[in-house]
Amino acid sequence: MSAFKSELMQILTERGFVHQCSDSEGLDSHFAAGPVTGYIGFDATASSLHVGHLVSIMMLHWMQKTGHRPVALMGGGTTRIGDPSFKDEARKLLTDEIIAENLAGIRGTFEKYLDFDRAEKPAIMANNADWLNGLHYIDFLRDVGRHFSVNRMLSFDSVKLRLDREQSLSFLEFNYMILQAYDFVELNQRHGVTLQMGGSDQWGNIVNGIELGHRMLDKQFYALTTPLLTTSSGAKMGKTASGAVWLNADLLSPYEFWQFWRNTEDGDVERFLKLFTVLPLDEVRRIAALAGSEINEAKKILATEVTALAHGRAQAERAAETARRTFEEGALAENLPTIEVGASDFAAGLGVLSLFVQAGLVASNGEARRQIKGGGLRVNDQAITDEKVLVGPDALTAEGVVKLSLGRKKHILVRPV
C-alpha cells in the first residue's frame with residue numbers, strides 16, 4: 001500500500017519517475033488538495049525532441065491524466081543563450097528564425113501526449129520568449145538579480161565542472177540559471193504554476209526557482225526531478241550508433257522508432273514499460289515476467305505501445321506488422337548489409353545501373369546490363385527490365401530503405417542520409 005494520498009504521486013513513484021523531490025509530503029498533500037499546475041521546460045535546439053525527453057513528456061501526460069494541469073514551456077527565449085548545464089563548451093547560438101522553425105516542429109510532438117483543446121483544464125503551451133525577450137535589463141537586475149548569490153551559483157555542479165576543466169563559461173551562459181528561475185515566477189503569475197519538474201541534471205536550476213519564488217512572491221513552490229536514464233549496459237538512453245532517436249516522423253520513421261524499442265535490452269523491459277507506456281502496472285508485471293524466447297514478445301508489446309503514443313496506434317501496428325512479415329520472410333533489414341547515399345542525390349533519382357555498381361553487386365554498368373537482360377537484378381523484389389530507370393523516393397520501403405538484389409541470395413539495402 002502506497003504511503004502517498006494523491007493518485008499522481010503514487011503513480012510517479014511506482015512507475016519510477018521520481019529521483020528527487022523538494023518536499024515529498026508537501027507535494028503529495030498539494031496534489032491531494034486539488035488540481036496542481038506544473039511545468040517542464042524544453043529548449044528548442046533542434047526541430048524535434050528525442051527519446052531522451054520522453055520521461056519528462058510522460059510526466060506531463062500523467063499530470064493531465066490524473067486531473068492536474070500540465071504546462072509545456074517552450075524556451076523560445078532561453079534557447080537564444082543555451083543551457084550550459086554539464087556541457088563541455090558553449091552551444092552554438094541559433095538565429096531567431098531557426099528557433100521559430102524548431103518550435104513549430106516540437107509543437108506537433110506534444111499534441112500526441114497532451115490535450116490542449118479539452119474544455120476543463122486543457123494543457124498549456126507557453127513560450128518564455130513572451131516575457132524574456134522584452135525584459136528591461138536594469139529593471140531585471142534590480143528586481144530579480146539581487147536575489148542571487150554569485151558564490152552560490154559558482155557552487156553548482158553544472159558551473160563547477162566547466163570551471164574545474166578550465167573551460168570558459170560566458171557571462172551570457174552564466175545568466176541562464178537566473179532566467180530559468182525567473183520563468184518559474186512568471187509562470188506562477190500567469191498560470192498559477194507551483195511545480196517545476198525536469199531531469200536530475202536540472203535540480204540546481206529548479207531549486208533556484210523555488211527560492212526566487214519564495215523571495216519575490218512569498219509563495220511555496222515545489223520541485224521534482226526524474227532519474228537520468230541509462231540502459232542496463234550503461235549506455236545513454238536515446239542514443240544509437242546512427243544518432244539521436246527523434247520523436248518526429250520526418251526525422252525518424254515510425255518503423256525505425258518501433259525497431260529502437262524492439263531492440264531494448266532484456267533487463268530494461270519492465271522499467272521501460274512502466275516509464276514509457278500507460279499500461280496498468282499489473283499488466284506490466286505480467287508482460288515483464290515473460291522469460292526465455294518469450295521476452296521478445298514483451299519487447300514487441302513495448303515497441304508497439306510506445307510507438308502508439310508517439311505516432312498513433314495505426315502507425316504502431318503497421319510497424320509491428322512490417323517487422324513480423326519481414327521476419328517471417330527471412331529478410332530482416334538489420335541483418336542485411338547497407339550502403340548510404342546522399343539524400344539530395346537520391347531525391348533526384350539515381351540511375352539503376354550505377355546504383356548496383358555502387359552497391360558492389362556488379363562490377364560495371366556493362367555487367368548490370370547483362371544481368372538485367374537475364375532477369376537477375378531486382379529492386380524491392382521486382383525484376384528490373386529497363387536499364388534507364390531511376391531509383392528515388394518512390395522506391396523507399398516502410399523501413400526507409402531500398403532493397404537491391406542480385407539473384408536470390410545477394411541483397412543490399414540502400415539508405416538515403
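Ile138 counts as exposed because its relative accessibility is 62%, and the cut-off for that label is over 50%. The structure here is a predicted model. Helix α6, which runs over residues 137-143, gives the patch its largest share, with three residues. On helices in general, residues three or four places apart point the same way, because an α-helix has 3.6 residues a turn.

The buried set starts with Leu54, Val55, Ser56, Ile57, Met58 and Met59, and goes on with Leu60, His61, Trp62, Met63 and Gln64. As for its build, α3 takes up residues 54-65 and stretches 16 Å between its first and last C-alpha, close to the 16 Å expected at 1.5 Å a residue. After α3 comes Gly67, with a positive phi near 95 degrees.

Helix α10 is another mostly covered one, with 13 of its 16 residues buried. It spans residues 176-191, and the distance from its first C-alpha to its last is 22 Å, close to the expected 22 Å at 1.5 Å a residue. Following α10 is Gly192, and its phi is positive too, near 75 degrees.

Methods:
Residues numbered from 1 in each chain as written. Predicted model: local features only at pLDDT ≥ 70, side-chain atom pairs only at ≥ 80, totals over all residues. Heavy atoms only, no water. Helix = DSSP H or I, 4+ residues; strand = E, 2+ residues; numbered from the N terminus. Buried < 20%, exposed > 50% of the residue type's maximum accessible area, 1.4 Å probe, protein only. Expected span 1.5 Å × (residues − 1).
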